Amino acid sequence: MLHFFNSQLTRRIIYDHLLFFVDAPSCYPPMRFARLALWATLAPSPASHWVDPMTKSASTHSAPRRRGFLAWLLSPFSSVWFGIALAVVMFVYCSVGSAMPHVRQLPYLEMTEFEWFHWWPFNVLMALFCTTLVVVTIRRIPLRTVNLGVWMIHTGILTLCAGSYYYFGTKVEGDTPVFRRRLLINLPGANEVASLAALPGNHTSVKVGAAAWHFTVQSTNQAWPILSDEHKGEMAYAVNVQVTPPTGPRFIRQLLAGYPQYTEDIIPGKGRAIKSIGRKLVEEQLDISLDLQPQEYFHVMKSWGLFVRRVGDTEWQQRPIHGLPRYNDRVGSRELVFTDTDGPLPIRPIDLPVPQGEEGDALGSRSVRVVGFLRYAQMGRRWHDGDGPINPVADVNIFSDHGGSQHEELFALDRSRRRSTDGIISFRWLNDFAATAALPRSAVSTLHIEVPASKIALDVPLTPESVVDDNGPFTPIKGTEFSYRVATVANDLSMGDGRFVSVAMVDVKTAEGQFRRMVADTAERTKDMHGDDPNPHAEPKRTAVPPDPRIVMTYQPESSPIILAAYPGGLFLVVNGAAGRTLGRDIEVGESVSLATGLNLRVESYWPRAVGDVKPTIVAEHRRQRKVGEMFSMIRLEVDTGRRVEYRWLRFNQYALPDDTFVYGGRFAYTPEHMRLDDGTEVEVLFSRERRKLPAPVALESFELDTHIGGYSGAASTIRNYVSRLRFRDGGGWTEPVAIEVNAPTEFDGYWFFQSMWDKPPRGNAGGGMNYTGLGVGNRNGVYIQLAGCCIAVAGMLFAFYVKPTIKRRRHDAARRRISPGAGQAVPEQTNATASETVQV
Amino acid sequence: MKWYKQVRPIDIMVLVAIAGYVGYKGASRPQRMEQQQQDVFAVAVDLEPLGQIAVQADGRLRSFESHARTFMSLVSGPRSIDGQSDGFTYLDLMFRPERYVDREIVYIKNKQVREDVLKAATNSGVISDDDVARITKRGLVSKMLLNQPAVGALIQKLGEDLIRSAKQVDAIRSAMHVSDPRFLSEELRLMAPPDGATDKPWYTMGRLVQSSGAPKDNIHSGLGKPAPIDGLDAAAQQELVSEWSALRRAWRDERADDVNTQIAGLASSIIKIAGDDYPSVDRLSLESWYFRNHSMTWVWLIYLAAVVPLLMSVIYKWDGARKVGLVLFIVAFGFHTSTLIIRWYISGRWPNSNMFEAVTTSAWFGGVGALILEWVTRRTPLRNVFALGSAVMSMAALMAAYFLPTELSSGIGNKMAALNDVWLYIHTNMIIWSYGIIGLACIPALLQLRHRWCLAWDERSIPKLRLFILPIAMVVANYTGYRLLMHALDDPARALTGNTLLGMAGAFWGSLMVLILEWVSASERGASGSRSERGSSGGASSLILGRGGGASFLTAERPTVSQVYDGATMVLVELSFIMLWTGIIMGAIWADHSWGRPWGWDPKEVFALNTFLIFLVLIHVRLKVKDRALWTSIIAVLGFEVMMFNWIVVNFVITGLHSYA
């Protein structure tokens with residue numbers, strides 16, 4: 001190679017080619033110098049038989065100079081028209097990419113804006129553009145004072161391009177949520193300190209021996225005014241934890257971030273513990289504290305990743321997914337999905353291997369592939385009639401004449417889903433038509449009491465007035481020795497085994513004393529409970545015995561006002577108001593029945609032996625919410641577990657969260673799927689975005705909302721700013737808090753942190769929310785090169801448009817002054833200026 | 001030569017086109033006053049005193065007038081309800097909601113949705129043909145009509161289509177919600193906290209009524225009635241409450257005199273109780289006046305008055321018109337400046353944070369540029385051209401604001417959090433200034449094209465029939481190109497149906513072919529004017545060189561018309577070239593610390609770059625073509641079109657990060 005470079009012929013060729021750049025305007029000094037330097041570099045050999053014709057330092061070279069291949073190749077680049085053509089092509093390319101996103105989103109392009117502008121045609125375009133700039137500038141624009149402007153503009157743009165190449169080539173951009181606090185729960189005798197994210201609704205249990213303590217984060221308050229001591233008037237972040245000890249009553253512990261001295265307990269119904277029991281803490285051995293919740297990772301924008309771990313592990317291992325589409329559905333078979341519309345579904349299979357990423361991945365070297373992608377879908381269940389066991393399912397539509405409608409899917413044999421969520425309609429299965437007569441005739445709960453000895457039977461409607469609590473009065477049953485008091489009612493309590501029970505707790509006073517009867521809706525579950533302890537919290541001490549036969553009670557729980565009953569061969573509809581029945585008739589599928597003026601009901605579908613298929617349902621284009629990004633994307637994963645090939649549809653998760661305690665009421669998705677491998681290992685997989693480690697773990701000290709006058713009203717126009725105070729892990733400890741705000745990011749170890757998302761307080765709860773902040777994270781290598789390029793170009797423009805004519809005018813004036821004594825003399829500057837005007841800006 | 005002898009058919013064509021367009025638009029505009037004579041009570045009520053009191057809403061303190069206007073525009077868009085003032089309608093909706101159940105108050109902007117609603121209503125037989133004609137024209141429908149079962153079902157269905165109609169349905173639903181008397185009274189926070197802390201939440205009259213007479217102790221607070229208002233004197237509160245109740249009663253009974261007395265009393269009581277921190281009455285009155293006067297967008301009429309003599313002076317060299325034109329232009333610019341200052345004073349910030357402000361301020365910046373350039377070129381043939389350009393552009397901008405109050409809403413709101421940065425002022429002003437200058441450059445460029453047309457007419461270098469076809473083909477190509485583009489961009493409001501699509505495509509390609517063929521044959525004949533017209537003139541360089549008496553067309557004895565227009569265009573193109581580039585860089589600097597990336601290929605950014613590319617092409621094409629002046633003007637107009645595309649289409653159709661400006 002070295003020999004090749006040193007050979008005379010090679011040097012000659014290189015010289016000829018490089019000469020191309022400097023040969024045209026060889027009349028001015030810098031180019032002469034460049035030429036000499038070139039010659040000196042490439043032709044130093046004393047044995048040389050060739051010399052630069054311009055330097056005329058040797059005369060052996062007499063043949064006409066050949067244009068080399070490179071010169072031939074580069075000649076179009078010295079054309080201004082070529083540059084103009086490139087600018088026009090760039091204009092068209094930019095317009096298409098930006099204004100017509102559907103072009104870059106075509107199935108075989110599948111590009112984001114960023115990808116479109118970093119696709120090879122664009123890179124080629126930019127490379128050609130830069131080459132033209134270099135060639136034209138060197139070949140066609142003499143480097144003289146008057147041309148400094150053009151040189152600067154062109155150099156500036158080239159510098160900008162170089163800076164951009166570096167910037168975009170190394171750009172990393174992502175985001176991450178940083179949660180505000182976690183609870184550390186320390187109980188003497190517990191195995192370890194339990195940790196729980198301080199987000200409303202989160203709960204955990206801690207076992208001490210056989211007994212379990214339950215903890216639930218009841219609420220948080222971002223601006224809790226402190227009323228005590230020297231901190232009076234300050235606002236603190238408060239977390240209220242409901243504690244249920246194994247024995248004794250529940251209480252609420254209030255923790256204030258940054259003020260551990262003000263931790264205190266509140267006893268429901270009684271207020272602050274210090275006022276009712278004389279000490280601040282109900283359970284002094286229970287130590288709950290607030291700690292920063294560090295975030296170690298961020299997720300890269302517009303990327304995909306698969307996360308894997310063994311069930312029970314806390315850390316996810318990631319496998320980046322490259323080449324997954326983003327805009328077009330890719331499924332290999334119509335059978336795999338439901339569609340929202342009847343339109344055609346293009347069948348485009350995909351088979352993308354997802355190789356192992358990080359070490360210690362629970363799936364190891366097993367084959368993991370993505371075999372389907374859906375841009376916007378939701379898991380849906382559709383029913384068809386099978387020939388299996390009875391499983392009545394009905395799709396009922398209640399609609400008003402004004403166009404409002406409410407669809408309910410009801411399951412007669414599933415007690416948790418046989419009533420609509422608002423309780424207005426329920427669906428039952430009856431063994432025969434005759435049983436329709438026994439359907440309740442009122443929507444209100446009733447307690448049926450019979451005293452066989454006195455032949456007394458009465459129905460007590462259980463209205464809020466007749467349920468009187470533990471301390472209410474007893475109602476005597478006339479003509480008997482008994483009196484009763486309905487303490488509470490509870491409907492549809494889960495028995496834990498898939499069965500449900502509804503009960504009324506009734507205290508019964510007899511001549512001998514008093515007992516509590518649990519009146520269930522099924523006779524076999526009704527029991528009496530005897531015990532002397534009047535303390536309502538001491539229920540477990542009571543002993544349950546079969547009910548006293550002298551007084552018989554049955555409980556008819558409240559029923560929905562509308563009851564749809566299925567029996568072999570048909571459907572029966574009952575409408576009960578509080579006052580009683582208004583309708584009881586057979587109903588056909590598809591028939592509209594008027595319930596009241598303007599309100600109708602129609603059974604859209606009914607399957608007596610329903611069998612459900614669960615598949616992703618592709619949401620029709622026009623029903624898709626805009627600006628939700630990939631939130632509703634799904635992939636179909638194929639994993640060879642060793643025993644067999646398993647398939648799972650995985651919903652997209654914005655972040656690979658450690659567990660479901662970060663779901664925060666549905667604000668974040670957390671939908672891992674489980675599978676068992678041949679060696680018995682249980683693994684879970686999660687579909688999210690590529691994850692990277694932050695330069696250092698970051699924690700949120702505080703998060704404030706700065707508002708315009710009148711405070712935050714729920715409208716964005718009332719917000720002035722968001723301020724997150726962050727701490728970064730620094731050695732063993734944390735740095736001092738650094739505030740980041742909108743338009744005011746902070747830098748840590750090469751990465752910039754921006755304010756990008758926030759936890760909006762729920763409507764009507766100004767103290768809520770603000771439990772996490774969303775940070776944008778990114779690097780910005782090369783921005784100063786870009787900036788320098790831009791500034792040079794600006795200076796060049798100013799020079800070319802305004803300084804250059806001034807220089808020319810001065811020369812002109814000077815020349816005129818020189819020639820004014822005598823007429824007819826040449827004006828050299830003027831000539832030069834005119835000659836160069838054709839190629840100048 | 002008398003000026004009228006210089007009038008060419010192209011001028012008449014343009015005038016006829018403008019007159020035809022204005023006539024057509026005027027004829028299709030709903031007549032406001034024709035429908036019915038105004039309610040006697042509405043005329044008799046004097047809401048002037050309320051114009052001096054403030055309402056706290058959306059994180060701002062604004063005058064009642066401006067508050068009512070903001071809310072009523074959400075209900076009835078740009079239409080007024082039977083000529084009533086917004087303030088009257090607001091209170092009337094609160095006090096007598098029953099009167100509005102069957103009155104046409106809800107504005108449906110989208111014509112397709114309007115048509116669908118009317119179809120549904122007609123099918124169910126609830127409206128007559130007269131109603132259909134009226135509603136189609138005005139766009140206002142009654143809440144009763146919207147609550148018809150068939151219409152309700154249709155709206156529900158349209159609302160489910162998130163791509164095409166959900167936005168329009170949202171607007172209808174919000175109009176229904178806003179016109180609800182409960183909502184209106186909840187939003188009318190008139191009463192400042194008595195302790196003078198105007199930045200704390202203010203109270204509604206309802207709150208005052210509810211808490212009046214509430215016992216001031218902890219035990220009773222929260223029992224049915226809200227807690228009493230701290231620091232508010234019970235007697236003063238009682239007085240306010242009784243004034244409010246009296247106003248309500250008088251209003252319901254239509255006793256206009258009593259209403260006026262109560263309004264005056266209420267306004268003075270509120271101001272009296274509020275204390276020293278209450279917003280200045282002058283500011284509030286000015287705000288009310290400003291909004292009552294269409295945000296002063298009528299200034300376009302003064303600009304129009306300036307445009308006519310300036311055009312005369314530039315095109316026909318009529319010197320008498322010159323002075324009149326300049327004086328009128330300066331007067332118009334003075335008014336324009338005062339609108340900006342008033343708005344600045346009212347909102348407490350420089351007006352450049354929403355579309356209305358961007359458009360009007362950009363035009364104003366254009367005016368500043370024009371005045372400076374007029375001063376610089378006062379002794380050159382370039383004079384008047386800049387004033388003319390600015391007058392035309394400012395007139396167009398203010399006309400847009402005047403005639404499209406829904407699209408360019410002049411309401412004053414708080415800036416969103418992301419805009420609270422010094423770079424808002426640096427970047428946005430630089431960009432809109434460059435846009436203003438690009439707009440200015442378009443005018444001499446168009447004049448150049450007209451001049452070339454006239455040359456061809458006079459020299460008969462192009463057959464006269466073809467000279468008529470050319471501009472028509474140009475307009476057809478531009479308009480249909482725009483419609484086709486909208487179709488390609490899938491803009492539902494302007495998308496084309498199958499048949500029109502075919503027609504549009506045919507018209508576009510046909511007119512494009514005409515233009516190309518004409519251009520080829522013209523260039524063969526060298527028809528773009530006599531050789532002397534092709535002379536290059538340069539921009540600022542000609543001004544600078546000309547000053548020293550150097551080689552510039554300005555020093556020539558009689559510079560050609562082409563040279564003058566070309567010189568003016570180039571002065572402006574050079575300026576906009578630098579300003580646009582600098583503005584883009586400033587935007588990148590801001591984006592770098594605001595979004596974490598200087599450049600994100602956002603549509604707004606890309607089209608700013610595209611505009612720059614066009615000017616880059618312009619400057620380099622000048623190096624290569626023979627007839628620089630002609631090509632400069634063509635590309636300058638093209639650059640203006642791309643800039644407008646960026647401003648209008650990218651903002652309203654292609655939404656990006658820059659959705660707010």
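Leaving aside its neighbours within four places in sequence, with which residues is B:Asp421 in contact? The residues in question are A:Asn743, B:Trp590 and B:Ser594, where contact means that the C-beta atoms of two residues, placed from the backbone, lie within 7 Å. The model is predicted: local features need pLDDT of at least 70, side-chain atom pairs count only at pLDDT 80 or more, and totals for chains, interfaces and linings use all residues. Residues are numbered from 1 along each chain as its sequence is written, while chains are lettered from A and ligands numbered from 1 in the order in which they are written.

**B:Asp421 and its setting**

- B:Asp421 lies in the loop of chain B between helix H18 (385–403) and helix H19 (422–459); helices (H or I, at least four residues) and strands (E, at least two) are DSSP runs, numbered from the N terminus.
- B:Asp421 counts as partly exposed because it has 18 C-beta neighbours inside 10 Å. A residue is buried if 20 or more other C-beta atoms lie within 10 Å of its own, exposed if 12 or fewer, and partly exposed in between, with C-beta atoms placed from the backbone.
- B:Trp590 stands 169 residues from B:Asp421 in sequence, yet the two are 8.5 Å apart in space, C-alpha to C-alpha.
- Of the 19 residues of H18(B), 15 are buried.

**Chain A and the side of chain B that touches it**

- Chain A has twelve helices and 46 strands, and buried residues make up 30% of its 841 residues.
- Contact between the chains involves 65 residues of chain B and 66 residues of chain A.

**Helix H12 of chain B**

- Helix H12 (residues 234–252) of chain B has 19 residues and reaches 27 Å from its first C-alpha to its last, close to the 27 Å expected at 1.5 Å a residue; the expected span is 1.5 Å times one less than the number of residues.
- The buried residues of H12(B) include B:Leu240, B:Trp244, B:Leu247 and B:Trp251.
- What covers the buried residues of H12(B) includes helices H4 (86–95), H11 (205–211) and H13 (256–274) of chain B.
- The exposed residues B:Ala235 and B:Arg252 are carried on the face of H12(B) turned away from its buried side.
- After H12(B) comes B:Glu254, with a positive phi near 60°.

**Helix H15 of chain B**

- Helix H15 (residues 300–315) of chain B is mostly covered, with twelve of its 16 residues buried.
- Among these buried residues are B:Trp300, B:Tyr303, B:Leu310 and B:Met312.
- Their cover includes helix H16 (319–347), H18 and H19 of chain B.
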